[in-house]
Amino acid sequence: MTIDKQPGVASVLPAGTAAPDFSLHVTPDQTLSLSELRGKPVILAFYPADFSPVCGDQMALYNEVLPEFQKFGAELLGISVDGVWCHHAFAEARHLHFPLLADFEPKGAVAQMYGAYRRADGFCERALFVIDKSGIIAWSYLSPVAVNPGADGILQALEDLSK
Amino acid sequence: MAMLKVPVTPEDHFQGAKDAAGTLVEYGDYECPHCGSAYSIVKRVQKHFGKELRFVFRNFPLQQIHPHAESAAETAEFAGAQGKFWEMHDALFENQQRLGAPLYSELAREMKLSPEELEQALEEGKYKSRVRDDFSGGVRSGVNGTPTFFINGKRHDGPFDYGSLVQAIEGAIGDQRKTMSA
């Protein structure tokens, strides 16, 4: 299935598409592949950058909501173009209990596969994907980059999956 | 557009008439500095609208980054169970820098509540589920940080300075009146 992209118009991969597999560094010497998580729902949260100066930034919010995601047996992965050491510092500062993946080299390559890369800015869109147990995207959402999309869309998608 | 999924009920902590044309719901965290700023702004907004506005506060503690947020929320609920929610809510925001057990005991004493009972309630987690219910309801409603405001059930996505809140509430009240007279 090909999606004709108009230049300059962001379009994230829609529901029904197979989620492209990828392998990214989660720590300096460990990588995590999407295919390793086959068999459980996966939430991919692409976001622009670590350390935005807001109390309840998106990753901190998802950190608080983690128990609700876990009720569905879902795994949450945060992805930005920041490097592993930046992620390490950010995860420590926010006490994050889920992995942050570094879409660092080639820069934004995974985000691009998902239609979630802001080429002009050089960072990811605020884009969410809920992938079902067999690796198909069940729900996706592109948020305006300045608006924290919250967790309600994710939870609704997880609920719909479990029906 | 994110909508409030948990309607306001008499079980909520609210100020103002229940049939007011405008309802402002805040999901807040007592240790969050943004909520600290919002605290005095909301008071001004309430003064401006008088009888036209009902204000509801619900808990949304960001426990992972604010170590006192949960205990502060439970302390306010403890006071609420004895009819002193708003006094405690206000006192906690006015003393945001000093949140912790010594402050809670001091405030309890000031409000003629038992510090020992409060300590026990916190230890037992007596009000944890109330706070959790607020939190879950907030997540499902699209709360995306603190403070998050809902005006007549719709999440307010703009800034929460005085002017912006007043404008948004006036708009919502106006829409409500149009719908009702249609």
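Select A:Phe46 first. Leaving aside neighbours within four places in sequence, A:Phe46 is in contact with A:Ile79, A:Ala111, A:Tyr114, A:Ala116, A:Cys124, A:Glu125, A:Arg126 and A:Ala127. Two residues are in contact if their C-beta atoms, placed from the backbone, lie within 7 Å.

Of the 91 residues in the largest nonpolar core, A:Phe46 and A:Cys124 touch the most other members. A nonpolar core is a set of buried Ala, Val, Leu, Ile, Met, Phe, Trp, Tyr and Cys residues joined through C-beta atoms within 7 Å. A residue is buried if 20 or more other C-beta atoms lie within 10 Å of its own, exposed if 12 or fewer, and partly exposed in between, with C-beta atoms placed from the backbone. In soluble globular proteins, nonpolar side chains tend to be buried together.

A word on the model and its labels. This is a predicted model, in which local features need pLDDT of at least 70, side-chain atom pairs count only at pLDDT 80 or more, and totals for chains, interfaces and linings use all residues. Residues are numbered from 1 along each chain as its sequence is written, while chains are lettered from A and ligands numbered from 1 in the order in which they are written.

**Chain A as a whole**

Show chain A as a cartoon. Four helices and nine strands make up chain A. Helices (H or I, at least four residues) and strands (E, at least two) are DSSP runs, numbered from the N terminus. Along the sequence, the pattern is β-β-β-α-β-α-β-α-β-β-β-β-α. The radius of gyration of chain A is 15 Å, close to the 15 Å that the globule rule gives for 163 residues, so chain A is as compact as a globular protein of that length. The radius is taken over C-alpha atoms, and the rule is 2.2 Å times the number of residues to the power 0.38. Along the principal axes, the C-alpha trace of chain A spans about 40 × 40 × 30 Å. Of its 163 residues, 40% count as buried.

The average for chain A is 91, and 91% of the residues score at least 70. Over residues 1-8 of chain A the pLDDT is below 50, and beyond near neighbours in sequence this stretch has three contacts in the model.

**Stops along chain A**

Go to A:Pro14. It sits in the segment before strand S1 (23-27) of chain A. A:Pro14 is partly exposed, with 13 other C-beta atoms within 10 Å. Draw a distance to A:Asp121: the two C-alpha atoms are separated by 23 Å, and the residues are 107 apart along the chain.

Next, S1(A). It pairs with strand S2 (residues 30-33) of chain A in the antiparallel sense, over four bridges. Two strands pair if DSSP finds at least two bridges between them. A hairpin through two residues joins S1(A) to S2(A).

Move on to A:Pro106. A cis peptide bond joins A:Glu105 and A:Pro106, with omega about -5°. A:Pro106 lies in the loop between strand S5 (100-102) and helix H3 (109-113) of chain A.

**Where the chains meet**

Show both chains. The contact takes 18 residues from chain A and 18 residues from chain B. On the chain A side, helix H1 (58-70) and helix H4 (152-161) are the elements that give two or more residues. H1(A) supplies the largest share, six residues. By class, this side has nine nonpolar, five polar and four charged residues. Ala, Val, Leu, Ile, Met, Phe, Trp, Tyr, Cys and Pro count as nonpolar, Asp, Glu, Lys and Arg as charged, and the others, Gly among them, as polar. The predictor gives the complex an ipTM of 0.74 and a pTM of 0.84.

**Across to chain B**

Chain B has seven helices and five strands. Its average pLDDT is 95, and 99% of the residues score at least 70. Of the 182 residues of chain B, 43% count as buried.

Select B:Lys112, in the loop between helix H4 (101-110) and helix H5 (115-124) of chain B. Its phi is near 60°, a positive value in a residue other than glycine. B:Lys112 is exposed, with 8 other C-beta atoms within 10 Å.

Finish at B:Pro147. The peptide bond from B:Thr146 to B:Pro147 is cis, with omega near -5°. B:Pro147 is in the loop between helix H6 (128-141) and strand S4 (148-151) of chain B.

Key
pLDDT = per-residue confidence, 0-100.
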